[in-house]
Amino acid sequence: MNFIAIETQSFERMKESFNKFLSEIESLCKTWEITGEWIDTQEVCQLLNISKRSLHNYKLRGIIPSSTIGNKSYFKLSDIQSYIEKQIKE
């Protein structure tokens, strides 16, 4: 086992940065809980019976809004329901 020694000030800055990061993650999690259910690309494609490429085009054109975390996109179920309702009316 290796031990690494660091100055107290450096440790405190690292700890402060970590706590800030943790707070941001907790805030994001609470936001997701409050705003409703989110589904991923595969689930949206299955619901709409479209390809991933078509869904990507819808995202780019602003037809269906999404949020991206890392390399993965998520969609609010309510946005998908609104899109379906709009398509039925047309």
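Is tyrosine 58 buried or exposed? In this predicted model, tyrosine 58 has a relative accessibility of 18% and therefore counts as buried, the limit being under 20%. The residue is taken up again below, after the overall fold.

The protein chain has 90 residues, of which 14% count as buried. Its secondary structure consists of four helices and three strands. Read from the N terminus, the elements follow the order α-β-α-α-β-β-α.

The three strands make up an open sheet with the order S1-S3-S2 and antiparallel pairing. S1 and strand S2 (67-69) are the edge strands, each pairing on one side only. From one strand to the next, the twist averages 40°. In general, the strands of a sheet pair through backbone hydrogen bonds, in either a parallel or an antiparallel manner. Here S1 and S3 are joined by three bridges in the antiparallel sense. Within the sheet, isoleucine 39 is found opposite phenylalanine 75 of S3.

A side-chain contact also links S1 and S3. Lysine 72 and aspartate 40 form a salt bridge, with 3.5 Å from N to O. Because lysine 72 belongs to strand S3 (residues 72-76) and aspartate 40 to strand S1 (residues 38-40), this pair ties together parts that are 32 residues apart in sequence. The two partners fall into separate accessibility classes: lysine 72 has a relative accessible area of 38% and is partly exposed, whereas aspartate 40, at 16%, counts as buried.

How many salt bridges does a search of the whole structure find? The search returns two. Besides the pair already described, glutamate 12 forms a salt bridge with lysine 15, and their closest N and O atoms are 3.6 Å apart. Glutamate 12 and lysine 15 are three residues apart in helix H1, so about one helical turn separates them.

At 42% relative accessibility, phenylalanine 11 counts as partly exposed. Together with Ile4, Ile6 and Met14, Phe11 forms a nonpolar patch on the surface, and the four have about 460 Å² of accessible area together.

The aromatic side chains lead back to the opening question. One aromatic pair is found in a search of the whole structure. A pair of aromatic rings is described by the distance of the centres and the angle of the planes. For tyrosine 58 and tyrosine 83, the ring centres are 5.7 Å apart and the planes stand at 45°, so the pair is tilted. The label follows because planes under 30 degrees apart would count as stacked and those over 60 as edge-to-face. Tyrosine 58 sits in helix H3 (residues 52-61) and tyrosine 83 in helix H4 (residues 77-89), so the pair ties together parts that are 25 residues apart in sequence. Tyrosine 83 is buried, with a relative accessible area of 13%, and tyrosine 58 is likewise buried, at 18%.

Key:
Residues numbered from 1 in each chain as written. Predicted model: local features only at pLDDT ≥ 70, side-chain atom pairs only at ≥ 80, totals over all residues. Heavy atoms only, no water. Patch = residues over 30% accessible without salt bridge, like charges linked within 9 Å, V, L, I, M, F, W, Y side chains within 5 Å. Areas by Shrake-Rupley, 256 points an atom, 1.4 Å probe, with all protein chains shown as cover. Buried < 20%, exposed > 50% of the residue type's maximum accessible area, 1.4 Å probe, protein only. Helix = DSSP H or I, 4+ residues; strand = E, 2+ residues; numbered from the N terminus. Phe/Tyr/Trp six-rings, centres within 6.5 Å; stacked < 30°, edge-to-face > 60°. Pairing = 2+ DSSP bridges. Axes fitted to C-alpha atoms, helices over the stretch in contact; angles between N-to-C directions.
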